[in-house]
Amino acid sequence: MTDNKFKNILITGASTGIGRQLALDYGKVGAKLWLLARSEQNLRTLATEINASGGEAHILVCDATIEKDFLESLNTAQVESTGFDLVIANAGWGGKMSYPGEKNIEVLNRIIDLNLRAATQTLEFFARYMVEARKGHLVGVSSIAGFRGIPSGAAYSATKAGLISYLESLRFSVQPFGIHVTDIRPGWVRTHLTDQNNFPMPFLMDVDRASYKIRRALDRGRKRFTFPWQMAILVHLITAMPDFIYDWLGTKLYGKLVVLGRGAKSLKNNPG
Ligand SMILES: NC(=O)c1ccc[n+]([C@@H]2O[C@H](COP(=O)([O-])OP(=O)(O)OC[C@H]3O[C@@H](n4cnc5c(N)ncnc54)[C@H](OP(=O)(O)O)[C@@H]3O)[C@@H](O)[C@H]2O)c1
């Protein structure tokens with residue numbers, strides 16, 4: 001892997017989890033990083049670590065769902081960096097819906113605003129500059145949850161399905177100008193997002209391993225990358241599965257396990 005292929009990198013959702021690990025790993029090979037999230041303290045600690053390891057970190061403390069602040073932060077990053085080689089729209093929230101649930105609309109709006117609106121705004125904002133420069137790599141972190149509707153994750157699934165479609169369309173528009181677009185579709189990775197889950201998560205992966213796999217996929221210019229490979233096979237089978245079998249699995253098996261069974265604790269509406 002030629003980890004230093006990308007010199008100037010912007011990552012949203014960099015304060016914890018996958019984004020944080022990517023930032024640390026790219027920092028170690030000397031990248032200049034612009035890191036966006038809401039938690040200033042986490043970002044400051046991360047920046048100190050990156051600066052000490054040979055990278056250069058700039059922090060952007062911002063709520064990506066507040067459009068004006070968010071676009072201003074992206075603009076600041078664009079001006080300071082004089083252009084990015086790699087932009088990773090990673091910020092996301094897994095907020096669950098429960099039924100009956102008086103907070104479902106609130107959860108729904110926040111998930112759409114972050115996982116779909118802010119993610120696509122990030123990519124759209126930088127697509128313009130990359131197209132003008134005729135170089136760059138745009139990355140969205142979607143999910144295996146975007147392949148089919150998952151039980152208890154209606155809003156999450158919908159936003160990730162939307163992001164998958166957006167990335168595919170965007171690729172057709174910007175590829176002729178030499179811009180790469182990659183759709184990263186993780187299975188389960190051990191982060192804050194999965195810490196709340198109280199149901200079995202097959203092939204759960206540590207975040208440093210996930211970062212390695214993502215960086216390798218970007219290095220290779222992959223258009224889509226679903227991992228781990230066991231999950232990639234499983235979701236492709238599920239996608240090809242006749243509706244009546246998926247309905248049976250969703251209702252009888254996974255739905256009962258997650259909605260009514262061992263995972264019931266994870267379904268509390270907590271928009272955070
Ligand atoms: N972990 C998994 O198994 C898994 C599987 C599939 C897909 N994914 C996707 O991977 C991405 C990263 O998730 P993760 O697992 O690393 O979760 P995580 O540890 O919870 O990280 C989420 C990041 O998003 C940031 N964020 C949340 N709300 C924000 C807001 N309003 N404005 C700006 N930043 C915000 C968080 O920082 P602040 O709280 O400091 O703002 C944090 O840095 C997400 O898009 C997620 O959907 C994860």
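Leaving aside neighbours within four places in sequence, Ala 23 is in contact with Ile 11, Ala 14, Leu 33, Leu 35, Leu 46 and Ile 50, where contact requires C-beta atoms, placed from the backbone, to lie within 7 Å. The model is predicted: local features need pLDDT of at least 70, side-chain atom pairs count only at pLDDT 80 or more, and totals for chains, interfaces and linings use all residues. Residues are numbered from 1 along each chain as its sequence is written.

**Nonpolar core**

- The largest nonpolar core has 64 residues, and those with the most contacts inside it include Ala 23, Ile 9 and Val 87.
- Such a core is a set of buried Ala, Val, Leu, Ile, Met, Phe, Trp, Tyr and Cys residues joined through C-beta atoms within 7 Å; a residue is buried if 20 or more other C-beta atoms lie within 10 Å of its own.

**Helices H1 and H2**

- Helices are DSSP runs (H or I, at least four residues), numbered from the N terminus.
- The axes of H1 (residues 17–28) and H2 (residues 40–52) come within 8 Å and cross at roughly 20°; axes are lines fitted to C-alpha atoms over the stretch in contact, with angles from 0 to 180 degrees between N-to-C directions.
- H1 is therefore roughly parallel to H2, a term for angles under 35 degrees.
- Arg 20, Ala 23, Leu 24 and Gly 27 in H1 meet Leu 46, Glu 49 and Ile 50 in H2.

**Helices H4 and H5**

- H4 (residues 104–133) and H5 (residues 154–174) pack at about 10°, their axes 9 Å apart.
- H4 and H5 are therefore roughly parallel to each other.

Conventions: Helices (H or I, at least four residues) and strands (E, at least two) are DSSP runs, numbered from the N terminus. Angles under 35 degrees count as roughly parallel, over 145 as roughly antiparallel, 65 to 115 as roughly perpendicular and the rest as oblique. Two residues are in contact if their C-beta atoms, placed from the backbone, lie within 7 Å. A residue is buried if 20 or more other C-beta atoms lie within 10 Å of its own, exposed if 12 or fewer, and partly exposed in between; C-beta atoms are placed from the backbone.
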